[in-house]
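Trainee: I am new to this structure. Could you take me through it step by step?

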Amino acid sequence: MKIRAQTKDRAQSTDYRTQTGKTAQIIWGLGSVFCALTSDAHAMHISEGILPFNWAALWFLVALPFVAYGIRRLKILSKTDLSIKPLVGLMAAIVFVISCMPIPVPTAGTCSHPGGTAIPAILVGPSISVLITAVALLIQALFLAHGGLSTWGADIVSMGVMGAFTGFAVFKLLRKLKAPLAVSAFFAGLLSDWAIYITTSVELAAGIRGDAPFLPLFTKILIAFVPTQLPLGILEGAMTAGMVSLLFKRRADLLVKLGVIKPEHAGGAA
Amino acid sequence: MEILSEHFKSEHFLSKVDARVKLIVTLALLAMVLSYKGTMFPLLIAAVSIMLCMKMQIPVKVLAFRLAQPLFLALVILLLKIFFSGKDAMFVFSLPTSHFPLLTLTGYRDGLMEGLLISARILGGVSLLAAVGFATPFIEFMGALSWLSVPKPFIEIMMFAYRYLFVFLEDATTIYSAQKNRLGYTGIKKGLNSFGVLTGSLVLRGLEQSQKTADAMEQRGYTGDMPLLKGKPLSTLELAGALLIVIFGGAAWMI
């Protein structure tokens with residue numbers, strides 16, 4: 001009787017250990033998966049096939065007027081300045097390259113990649129930036145499988161529209177408040193990255209929720225992105241500030257030409 | 001950057017097919033994959049697309065690299081759906097502490113089904129796009145986009161971007177190597193600074209190069225518009241082939 005009770009206890013204990021082990025495995029697995037997901041900045045690009053047809057179409061409709069306005073602006077500008085199209089094309093190539101650069105993210109212990117949309121937003125304005133992002137995203141979708149054709153609209157809205165307009169608005173606002181150039185650029189990069197992160201979470205939660213309520217899933221996705229996106233935003237801010245500072249030191253005339261700073265600031269501290 | 005599709009194009013059976021036909025078929029099949037309510041059709045498209053890539057002799061390593069990230073996302077979404085979405089509980093895991101469960105994970109059957117559906121869509125969509133990306137050179141894509149009435153300035157910008165992409169990638173690699181050799185990435189502060197300088201240098205080169213490019217083009221008669229190749233009319237045979245694939249796809253979609 002005693003032996004049977006001991007055997008039962010042992011069996012229960014083994015079950016308990018097995019269950020605990022399985023739970024730990026799942027928790028570890030989920031944690032690793034979240035880290036790996038969030039550690040890749042292409043997570044900012046929503047992959048092909050994630051969004052159902054109706055959501056993919058809706059984001060296309062949202063993105064369309066912004067891209068159309070960007071093209072219209074480009075057409076108007078190119079009538080008086082022949083160098084604008086090469087400039088915009090080269091900026092698209094730079095955004096592509098920047099968004100392929102690996103940056104170490106200490107909190108996730110891996111590498112990630114910046115979005116890079118605040119840079120063109122500061123230099124050429126948000127409407128042309130949407131166009132630049134759309135071009136970079138299409139090349140990445142077609143030839144690198146980063147993002148996708150059906151999710152192109154959603155990616156334009158998050159990276160192009162939200163990223164560029166947030167970065168531009170923050171930069172302009174801080175410059176109006178007389179903040180130094182590097183500080184304004186830092187916060188433009190930082191908040192632009194976080195705006196992309198929040199918008200992507202909204203798009204993902206809305207697209208994959210099915211019958212589940214939106215808010216809990218949105219919160220979970222938002223939390224899943226935290227380990228990477230919070231430090232990545234700071235890194236992106238530093239990168240944007242470094243870029244503007246270098247341009248100011250070496251070719252302040254280009255910043256004046258692009259309307260980033262006023263001519264009277266070109267000679268001294270901006 | 002040999003991961004870019006362009007590097008693997010060679011003479012294969014799909015290279016002879018008009019890019020416009022490939023694009024139309026891709027868009028039609030993609031719409032079917034996205035609107036399908038089960039897993040079979042997207043998985044069928046994935047299988048056919050991967051077989052096409054194999055037939056085009058795309059190295060397995062390259063294909064695996066291309067599919068790795070989307071597949072990882074698919075796995076994450078599957079886990080998210082299993083554990084955080086659904087009502088029909090399938091299993092429960094709890095991590096007991098002394099007397100109360102610290103964490104309980106419930107797996108849901110309906111969540112699993114939804115997760116599998118999304119994962120199948122991702123696999124189908126990404127494989128299809130990979131196959132068409134490997135089968136079509138960039139410049140032919142541009143012709144197809146032009147034929148689809150994509151605005152000309154957009155295509156021009158894409159062509160400029162693609163032309164200079166490789167130049168900037170090389171520049172970035174050179175600058176990064178030089179910075180690394182000078183211990184530019186030892187420590188967070190130094191690394192941040194170096195990364196800012198790297199980005200700034202790239203943007204500076206971009207701005208200067210754009211002016212040089214515009215000047216050089218202007219001297220060669222550039223007036224603000226780049227001519228694009230006008231594709232010949234689509235052959236009846238190719239159109240019939242495309243229609244047949246779409247009909248077969250549609251039939252499989254309906255089944």
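**Fold, contact and one residue**

Mentor: In chain A, 74% of the contacts with a separation of 6 or more join residues 24 or more positions apart. Two residues are in contact if their C-beta atoms, placed from the backbone, lie within 7 Å. This is a predicted model, in which local features need pLDDT of at least 70 and side-chain atom pairs count only at pLDDT 80 or more, while totals for chains, interfaces and linings use all residues. Residues are numbered from 1 along each chain as its sequence is written, and chains are lettered from A and ligands numbered from 1 in the order in which they are written.

Trainee: What does the secondary structure of chain A come to?

Mentor: Chain A has nine helices and two strands, in the order α-α-α-β-β-α-α-α-α-α-α along the sequence. Helices (H or I, at least four residues) and strands (E, at least two) are DSSP runs, numbered from the N terminus.

Trainee: How many residues does each chain give to the contact?

Mentor: Chain A gives 72 residues and chain B gives 72 residues. On the side of chain A that touches chain B, α3(A) gives the most, with 13 residues. By class, that side has 50 nonpolar, 14 polar and eight charged residues. Here Ala, Val, Leu, Ile, Met, Phe, Trp, Tyr, Cys and Pro count as nonpolar, Asp, Glu, Lys and Arg as charged, and the others, Gly among them, as polar.

Trainee: And at what angle do α8(A) and α7(B) cross?

Mentor: Their axes cross at roughly 55° and come within 7 Å. Axes are lines fitted to C-alpha atoms, for helices over the stretch in contact, and angles run from 0 to 180 degrees between N-to-C directions. The residues of the contact of α8(A) with α7(B) comprise twelve nonpolar, seven polar and one charged. Among those that meet are Leu235(A) and Arg250(A) in α8(A), and Leu192(B) and Leu204(B) in α7(B).

Trainee: Changing topic: is Tyr108(B) buried or exposed?

Mentor: Tyr108(B) counts as buried because it has 21 C-beta neighbours inside 10 Å. A residue is buried if 20 or more other C-beta atoms lie within 10 Å of its own, exposed if 12 or fewer, and partly exposed in between, with C-beta atoms placed from the backbone.

Trainee: Where is Tyr108(B) placed, then?

Mentor: Tyr108(B) is in strand β2 (residues 101-108) of chain B. Leaving aside its neighbours within four places in sequence, its contacts include Ile82(B), Ser85(B) and Met90(B). The C-alpha atoms of Tyr108(B) and Phe83(B) are separated by 6.3 Å, and the two residues are 25 residues apart along the chain.
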